[in-house]
Amino acid sequence: MSNMILLGTRKGTVIFDRSNGAWRPRPIAHEGIPVCYAARDPRDGTLWSSLDHGHWGPKLSRSRDGGATWEDVLSLKYPQGARYIVKVLPAPDFDPEAPAGKPEYAAATVYKIWNLAFGRADQPGRLYAGTIPGGLFVSEDGGDSWTLNRPLWNHESRGGDLFAGDATSENRWQGTPASVDYGVFEPGIHSIIVDPRDPDHLHVAASSAGVIETTDGGRTWQGRNHGMLNDYMPDPQAEWGHDPHFVTACAGQPDHLWQQNHCGVFYSEDGAQHWRKVSMPDAGVHFGFPVAVDAQDGRTAWVVPARADSERMAIDGGLFVARTSDGGQSWQAFREGLPQVNAYDIVLRHSLDVAGDTLCFGSTTGNVYLSEDRGESWRCLGNNFPPVYSVRFG
Amino acid sequence: MPTVTMTSHLYRFFPVLGNRSITVPAGSVAEVLREVDAIAPGFTDYVLDEQGSLRRHVMLSINDSLVLDRTTLTDRVPDNGTLYIFQALSGG
């Protein structure tokens, strides 16, 4: 059982400690600074927060003493010559079938460090970070230095090797509205899954591109979007341009992957070779941002459904968590302990987590809820937190 | 020697810059910022991006003139000048 919960919030990092059965928050760390992701490295206990400074650029902050002191890590940067093909937020008269114009290029700078993942126990210094615009960074020394994974950055689905010259292929990754706050419209990597059986096997997910897999330690990457359906694009089954909101895998059955997508909930039981839509709109299970999967049973997953898709709020003013234990063939809604009137919460992509039988989620309304019976009943850990951007058990 | 004056918010990350007068050799804005970085290592990572351009919500002025070249920072800070570093704060 986990004894720590880390929240990334608009006003800093909140850490809860569990003691004598009660969860108590510490005074906020990184006071006043937006934190888009916070997590604990299970290998050595290092705490990480991704600071989303509005003025001073994104920074990682690291604590090696359990949160007593923090230090900024300044080494995550795009290398010189890293460029991308600029995407523009579609105007109301946007014609998706119009021929693409000449690409415009921009030098890459990190706008947001959106997600962190940790290597296996036998790779003690290995860390991964996903960024806007669309970078996967790898550290081999516990975060002291970072390297951009170039094969993914230079992927043919993004225009090819722009370090070497102009595009040699079309950029088929779309932009994400999550980047608009930074004055751009670029995709970002928000999900990084390391296969516990094989450190060279990773899945990452980018909004709005899709799921990409490597089986050779990041030297080559393949799109894994077969079976995905993108309702709002001219070709719903296109290889690229899908909008995973979050993708996760079962630790004990790593071929079972779950995806809460803009266009529904999707499930794969063959390592993302094929996806199957398992939404159940009549039961409210369709739109949302986060998804969590049981660590042992790959068929058991939880989502926090929301009203799709332009409203982005709790359905009919009542907050609930839905669970499936049969790979999405059926869903059960749990409402006990959650507000059922006047609730307008939205739970963002990194703001639901599970550890054993315990689940926790937080909303942008500043409410944090905890369940210790696999999501069936909930209690509130507080109503007045800043908007919550991430929830992770430590 | 020019003086560098900055928003006190930066002292939170670089206490060494607080409660003192910062004077550095005259030069381009880029050179002046590098001198400040020598006093407070990592400083330029807060005001510049990895391309060396001024971050979007950071403003610089030399005396009362806004720095116009935000990309290569070639404006010259004269011997008797002051480089001001501001941030554009907004919202809640």
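Visitor: How much space lies in the second largest pocket?
Guide: The model is predicted. In it, 40 residues line the second largest pocket, and those closest to its centre include A:Pro42, A:Thr248 and A:Asp353. The space in this pocket is about 1200 Å³.

Visitor: Which element gives the most to the lining of the second largest pocket?
Guide: Elements of chain A that give two or more residues to this lining include β4 (35–40), β10 (112–118), β14 (188–194) and β18 (244–249). The top contribution is five residues, and the element that gives them is β14(A).

Visitor: How many residues of the lining of the second largest pocket are nonpolar?
Guide: The lining also holds nine polar and six charged residues. Ala and Pro count as nonpolar, and A:Pro42, A:Ala249 and A:Ala251 are among the residues closest to the centre. The nonpolar count for the lining is 25.

Visitor: Which residue of chain B is among those closest to the centre of the largest cavity?
Guide: The structure holds two cavities of 30 Å³ or more, and the largest has a volume of about 130 Å³. Its 15 lining residues divide into eight nonpolar, one polar and six charged. Closest to the centre are A:Pro58, A:Leu74, A:Leu76 and A:Lys77, together with B:Arg55.

Visitor: Which strand gives the most to the lining of the second largest cavity?
Guide: This cavity has a volume of about 100 Å³. Of its 13 lining residues, the closest to the centre are A:Tyr84, A:Ile85, A:Trp153, A:Arg158 and A:Asn171. The strand that gives the most, with three residues, covers residues 83–85 of chain A and is β8.

Visitor: Which side chains meet in a salt bridge across the interface of chain A and chain B?
Guide: The rule finds one salt bridge across this interface. A salt bridge needs a side-chain nitrogen of Lys or Arg within 4 Å of a carboxyl oxygen of Asp or Glu. At 2.7 Å, N to O, the pair is A:Lys77 and B:Asp45.

Visitor: How much area do chain A and chain B bury between them?
Guide: In this interface 23 residues of chain A are in contact with 20 residues of chain B. There are 12 residue pairs in polar contact, both residues at pLDDT 80 or more, and the chain A side divides into nine nonpolar, seven polar and seven charged residues. With 50% of it on carbon and sulfur atoms, the buried area is about 1700 Å².

Terms used. Residues are numbered from 1 along each chain as its sequence is written. Chains are lettered from A and ligands numbered from 1 in the order in which they are written. This is a predicted model: local features need pLDDT of at least 70, side-chain atom pairs count only at pLDDT 80 or more; totals for chains, interfaces and linings use all residues. Side-chain values use heavy atoms; hydrogens and water are left out. On a 1 Å grid over the protein atoms alone, a cavity is a set of points where a 1.4 Å probe fits but cannot get out, and a pocket is an open set with protein on both sides within 12 Å along at least five of seven lines; lining residues have an atom within 4 Å of a point. Grid points are joined across faces, edges and corners, and a volume is the space filled by probe spheres set on the points. Helices (H or I, at least four residues) and strands (E, at least two) are DSSP runs, numbered from the N terminus. Contact means heavy atoms within 4.5 Å. Buried area is the accessible area (1.4 Å probe) that two parts lose on being put together, summed over both. A polar contact is a pair of N or O atoms within 3.5 Å; within protein, one must be able to donate a hydrogen and the other to accept it, and residues adjacent in sequence count only if both atoms are side-chain atoms.
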